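Please keep the sequence and the structure at hand while reading.

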Amino acid sequence: MKKKIGLFIKTAIFLCLLGICLFGCSLIVQRKSSYIKNEMYMQEAEKNNIDVFILGSSHVINGINPIQLYEDTGITAYNLGGYGSVLLSSYWQYRLALAYNTPKLVIVDAYMLENDIRYIDDPNANVNSEELHLNIDRFPLSRTKLAAMDDMFEHQEKKYPFLFDFMVYHDRWKELEADDFKRVTGTAEINHLMGADLNYEVLSSGLAYTDFGAGTLENETVGTIYLRRIIEDCQSRGIDVVVVTVPFLAMYENQAAAHTAANIAAEYGVANINMLEIPGIVDYDVDFMDAGHMNIMGATKVTDYLGKWLSENKDLPDHRNEGGYENWQKFSEEFEAGILNNSEGNEDLYSQLVYLNLTTQDKTFAISIKGGSKIYADTALLKLLKGIGATEQLDMAAEGKQPYFMIYDHGNVSEVCGIGEMADFDTSQGHMQYEPASDLYRVLIIGDDTENNVLYSDVHPYVDMQLLFFDDGDISSHQYYTLNYLEYEYAQE
């Protein structure tokens, strides 16, 4: 009898150890994208700290920043948007998240309301499996997850990788890196923007929004059905709803979908915000990374508008400086520090100017543009320069293709346009003198060093723009940008 008990104990211990090893292996080989995006949701949901769910596609991932929303209003929201998510998958993303936290409000973006493909494994659905794994993998197997797979997939064999993701990841041994093992130790990277993914690039060609005078969608679609299901499920639980359409370069059918979303919202007595038709929220020349997705400047403006609207129209608590919300405050500080730390040394000129548009108050820098520069033909660059303080002096320089110089000193802006005499500037970094002798040759003297013209370089004699940062009276960074075949060549000293 004792032998049998001993054998049973040994077997049980072996099976437990085997299970632990298999679980650890599963965590190691698992692709980490869903964990990175949604782990902070699981942590904050455990404390019931999330008052707002944000649902939608990549338009909302790139376009609404929950950390900024918290900074501005104290509202705690999580961006549950998924790349390529149609409203069918947004509905199930909402249901999966609901098992861990009940929000006070759900914001759902109506993009792709016109989508009428019933199953996401339909070849015409154009849904990338990696994108769906991003949304779903972090949520453990449950009845809701089973129901989601049954509803979203037509073919049984297509469901298994999303129910048992080890089937997909078990052969990743050759791809493993050091960061993969951090999943086991609990030190893996996670998203600190509460689900958002912000981009700092600018679509330099610019965009022009056109109102096509669209009506509404002619028929019910899979999209309209699932928008109704989201609203109905929320209302059955006492959760408020706001239907939104965030800005993008909407075509005729997209605009009809936005109008249809407004009608559906009105049917259910919930709010609708169609940002496509609210002038002044975004600038299509500088606020987009491509035709469908905003960059951080667009996201900042949309989040600002949404935060003000929520504060005025919804009774949501302000959790700033409240116990239990330390992560929100910490990540808010991290976000601001990250922008500041990345505000120098960017190889892409558009991204560099985006950072300066976002944070400049504590900086001193100078910008010099040569006469005849092709920068003057770039509307986006001119608007980005105006965003950091350039005035009509820049317009005059652009019109005459003359040299342009700006000093930004902790919020104070001084400018010189054209060719002329020496100009003197007293700054927090000391005395500076600037003289535009010709379109190409400009002089900048720092302090008493009259022998050294910091704007002249044998290595970079014909650059379009020079950007100089100052710290403790010295040049901390000197960046050069040259327009060449529609791309900016970058150099730094």
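A residue counts as buried under 20% relative accessible area, as exposed over 50%, and as partly exposed in between. The model discussed here is predicted, and the points below are grouped by topic.

**Loop residues with positive phi**
- Most residues other than glycine have a negative phi.
- His-410, although not a glycine, has a positive phi of about 50°, and this residue lies in the loop between S9 and strand S10 (412-417).
- With a relative accessible area of 36%, His-410 falls between the two cut-offs and is therefore partly exposed.
- Lys-401, also not a glycine, has a positive phi of about 50°, and is found in the loop between helix H17 (392-400) and strand S9 (404-409).

**Helix H12**
- Helix H12 (residues 252-268) has 17 residues and spans 25 Å from its first C-alpha to its last, close to the 24 Å expected at 1.5 Å a residue.
- Among the buried residues of H12 are Asn-254, Gln-255, His-259, Ile-264 and Tyr-268, and what covers the buried residues of this helix includes helix H11 (222-236), strand S4 (240-245) and strand S5 (271-274).
- Just after H12, Gly-269 takes a positive phi of about 70°.

**Nonpolar cores**
- In the largest nonpolar core, which has 99 residues, Tyr-41 and Val-243 touch the most other members, while helix H5 (residues 87-98) gives the most to this core, with eight residues.
- Apart from this core lies another, of 30 residues, including Ala-77, Val-244, Val-282 and Phe-288.

Definitions and conventions
Residues numbered from 1 in each chain as written. Predicted model: local features only at pLDDT ≥ 70, side-chain atom pairs only at ≥ 80, totals over all residues. Heavy atoms only, no water. Helix = DSSP H or I, 4+ residues; strand = E, 2+ residues; numbered from the N terminus. Expected span 1.5 Å × (residues − 1). Buried < 20%, exposed > 50% of the residue type's maximum accessible area, 1.4 Å probe, protein only. Contact = heavy atoms within 4.5 Å. Core = buried A, V, L, I, M, F, W, Y, C linked by side-chain atoms within 4.5 Å.
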